[in-house]
Amino acid sequence: MTIHSLYIYDRHCVCVFYQDWHRTKRPKPAVEGGILPAVSQAVSPSQQNPNDGNLTLSSSFSSPRNTLSSTTGIVVAMNDGNQLPNAPQMQLSTGSTVSSSSGLPFDEEAKLVYGVVISLRNMIRKLSGRDEQFVNYRTSAYKLHLFETITGFKFVMLSDPKTDSLRFVLRQIYVGPFLEYVVRNPLVKMDSREQGIDNEYFRASVDRLIRGLSVFL
Amino acid sequence: MVVFSLWVINKAGGLVYQRNFADGLAPLTSNEYLVLAGTLHGIHAITSRLSPMGSSSGVQVIEAETFKLNVLLTVTGTKFVLLTSLADTNADSILQKVYDIYADAVMKNPFHTPEMPIRSEGFDTRIGLLIGTGQT
């Protein structure tokens with residue numbers, strides 16, 4: 001049992017945060033303009049390197065000297081040559097070499113996840129005839145959980161298919177790290193449609209919370 | 001355990017059979033059911049591509065707060081969907097039995113046109129016997 005990834009969408013249907021843990025099939029970096037800045041360093045377009053000291057607030061959070069690479073376990077390897085097809089998990093290249101990722105580009109993937117979640121939400125609402133929420137779905141390989149806030153933020157988590165409902169975890173992320181480091185953070189432009197909500201404290205705090213769970217192995 | 005409804009979706013995403021058993025969900029028009037079946041067909045295709053860990057099947061169980069949709073995909077692409085209460089544990093076996101009945105009463109029926117709506121009294125009767133009023 002484990003947890004694979006976390007997506008956060010705002011009410012304008014755009015992905016504002018992404019983080020992953022145990023994921024063998026990695027997304028390719030997004031194409032230029034496909035995602036907002038400050039969503040996740042791991043999947044940002046390779047040409048527009050977030051570390052290239054531009055003076056936006058978002059990039060100051062993600063300076064190359066951050067301590068994240070050790071706490072998240074993500075090895076941010078710059079142009080470290082070709083990776084083996086069966087490269088160990090948690091390895092990642094932000095350069096142009098992404099041979100280990102067989103999946104979709106991240107922006108495409110984020111749109112598909114959002115589309116599925118919204119379609120299912122509408123479907124459940126129609127079927128129940130009440131204001132009933134879609135909670136989760138399961139396939140043979142993973143399980144997707146949804147938690148939606150009143151403000152329209154959608155927290156989506158992918159986990160092992162055998163885990164129980166992780167809605168409480170998503171709620172914990174919302175009432176804990178999200179409120180503390182995003183809502184109460186004056187440097188994060190929420191709802192701007194221009195940038196994501198990624199910052200060092202939020203990412204580290206989410207990471208700590210997830211790694212502390214009993215389902216995270 | 002309550003069975004609300006049974007759908008059969010053909011390989012093109014068209015709803016070929018829909019029957020309600022217990023009350024509890026909103027009554028919809030047949031057009032609305034057709035749209036929902038088409039949506040589910042699309043979602044099923046997308047979910048298999050979103051896997052974070054290698055290849056995946058399409059969606060198997062979708063849970064809401066008070067009910068769930070159980071999906072059985074056959075090798076020929078026909079989908080059987082059973083809407084049940086959350087507590088229901090034998091939805092998979094019911095779906096398998098529905099598939100058996102479908103093979104017997106629909107596919108062996110010389111008057112049935114494949115991929116078209118199922119109008120078979122035998123199928124109706126046997127499904128009625130299997131699920132009854134949906135209360136177990």
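Predicted model: local features only at pLDDT ≥ 70, side-chain atom pairs only at ≥ 80, totals over all residues.
View 1. Helix α3 of chain A covers residues 106-128, which is 23 residues. From its first C-alpha to its last, helix α3 of chain A reaches 33 Å, close to the 33 Å expected at 1.5 Å a residue. Just after this helix comes A:G129, where phi is positive, at about 75°.

View 2. B:T47 belongs to helix α1 of chain B, a helix made of residues 30-47. With a relative accessible area of 0%, B:T47 counts as buried because that value is under 20%. Leaving aside residues up to four places away in sequence, B:T47 touches A:V116, A:Y137, A:T139 and A:Y142 in chain A, and B:S57, B:G58 and B:V59 in chain B.

**View 3. A:C13 in a loop of chain A.** The loop shown runs between β1 (3-9) and β2 (15-20) of chain A and holds A:C13. Phi of A:C13 is near 70°, a positive value in a residue other than glycine. Most residues other than glycine have a negative phi. A:C13 is partly exposed, and its relative accessible area is 43%.

**View 4. B:E115 in a loop of chain B.** B:E115 is found between α2 (91-107) and α3 (121-131) of chain B, in the loop that separates these helices. B:E115, a residue other than glycine, has a positive phi near 70°. The relative accessible area of B:E115 is 34%, so this residue is partly exposed.

Methods. Residues numbered from 1 in each chain as written. Chains lettered and ligands numbered in written order. Heavy atoms only, no water. Helix = DSSP H or I, 4+ residues; strand = E, 2+ residues; numbered from the N terminus. Expected span 1.5 Å × (residues − 1). Buried < 20%, exposed > 50% of the residue type's maximum accessible area, 1.4 Å probe, protein only. Contact = heavy atoms within 4.5 Å.
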